[in-house]
Amino acid sequence: MLNHIIDLELLSFSDLQEIVQLAGKIMKNPENYSEACKGKILGTLFYEPSTRTKMSFQTAMLRLGGSVIGFDNPSNSSVSKGESLKDTIKIVSGYADIIAMRHPLEGSAKGASKYSSVPIINAGDGGHLHPTQTLTDIVTLHNEKGRLNHLTIGLCGDLKNGRTVHSLIKTMSHFEGNKFVLISTKELGIPKYIKDIMQEQNCEYVEVPTLQEAMPQLDVLYMTRIQRERFASMEEYEAQKGVFVLDREKLSLGKEDLKVLHPLPRVDEIAENIDDDPRCVYFKQAIYGMYARMALILLTLQGAKYSYSRGKIIIDNSGCVNPKCITHTEPYMPKEFKEKGGYLVCEYCDTAKKPGEKLKEK
Ligand code: CP
């Protein structure tokens, strides 16, 4: 069985602990790992722009003694000639030993994994998930807070489209005693399926309208960018941008041992004049991300067996109701769902629908 890293939720505690611990060991003695992946090749397929994820994956593989191939602009590849995701993956998985892929459509990593002969790592699939950012975040929390449980975690900004937020909540809700404070506008609130996950895990969460209200209780504040590229129109984006800005005054309401994280890039949601406050660890976070990815690449290539639990798959050819799901642009992908609480949940993008419900034509 191949170990595709699509959704961290499918990894056990001990899997996560192993990754966090190995990242720590590599950080301490990088020279011990400088040839650990000698002769291996990482393919980086970035259908969407990236600085940190792409370069930290590339640097991670180079620091492990391996090599890197790939594209960071699909218009320079045969994707621009209409090549399907399936064909691209079939070819690249013949060249590389492991693939990190970022794509603007939700469920794309899961779709790619169906056609790959090597492990696929989801480096972000639209507004859906970003599991290696979550690994970055938990390695950061482990090192900066000393624990992954009993934390009150504030998440602020675009909680609707923020894939890093979705992945982080899904993972942290499994650790005992974590509580979430959700700070967003109504329009950019957390999706229902993430609320369902918190409820299933008996995980306490509250929704608050302002940073000021949230700050005093937080151990961690996870700021996010309002994602312009996910809005249907500039008007909708303009109405949401600049609502939440962490500045000196608001930071002064926080605890002394608060840690402020941000997956970056930022636009204007964190004032630059607080960057030197020791509580702001977002630049360190990006460095932890490189070590997290080194650990993940190494363990995956060593054949770590992650415990995926696949439920019964149901085929419903009426398809997914999410217009951003990969199954609409790559229509050969089987229309797979799982049954959950009377709903059919898309196997690719996790969108729930009522049986028989169809995508509404525009
Ligand atoms: N955090 C993150 O995913 O950054 P990039 O978009 O630059 O990769």
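Modeller: Gladly! A residue is near a molecule if one of its heavy atoms lies within 4 Å of it. Here the residues around the ligand are Ser50, Thr51, Arg52, Thr53, Arg102, His130, Gln133, Pro263 and Leu264. This is a predicted model, where local features need pLDDT of at least 70, side-chain atom pairs count only at pLDDT 80 or more, and totals for chains, interfaces and linings use all residues. Residues are numbered from 1 along each chain as its sequence is written, and side-chain values use heavy atoms, with hydrogens and water left out.

Biologist: Which residue has a side-chain N or O atom 2.7 Å from an oxygen atom of the ligand?

Modeller: A polar contact is a pair of N or O atoms within 3.5 Å. That residue is Thr53. The side chain of Gln133 has an N or O atom 3.0 Å from a ligand nitrogen, and Pro263 places a backbone N or O atom 2.8 Å from a ligand nitrogen.

Biologist: And how do I read empty space?

Modeller: Rolling a probe the size of a water molecule over the atoms shows where empty space is left. On a 1 Å grid over the protein atoms alone, a cavity is a set of points where a 1.4 Å probe fits but cannot get out; lining residues have an atom within 4 Å of a point. Grid points are joined across faces, edges and corners, and a volume is the space filled by probe spheres set on the points. The largest cavity has a volume of about 80 Å³, and its lining includes Tyr237, Phe244 and Asp268.

Biologist: Which residues line the second largest cavity?

Modeller: Among them are Arg52, Gln133 and Pro263, and its volume is about 50 Å³.

Technical notes. A polar contact is a pair of N or O atoms within 3.5 Å; within protein, one must be able to donate a hydrogen and the other to accept it, and residues adjacent in sequence count only if both atoms are side-chain atoms. On a 1 Å grid over the protein atoms alone, a cavity is a set of points where a 1.4 Å probe fits but cannot get out, and a pocket is an open set with protein on both sides within 12 Å along at least five of seven lines; lining residues have an atom within 4 Å of a point.
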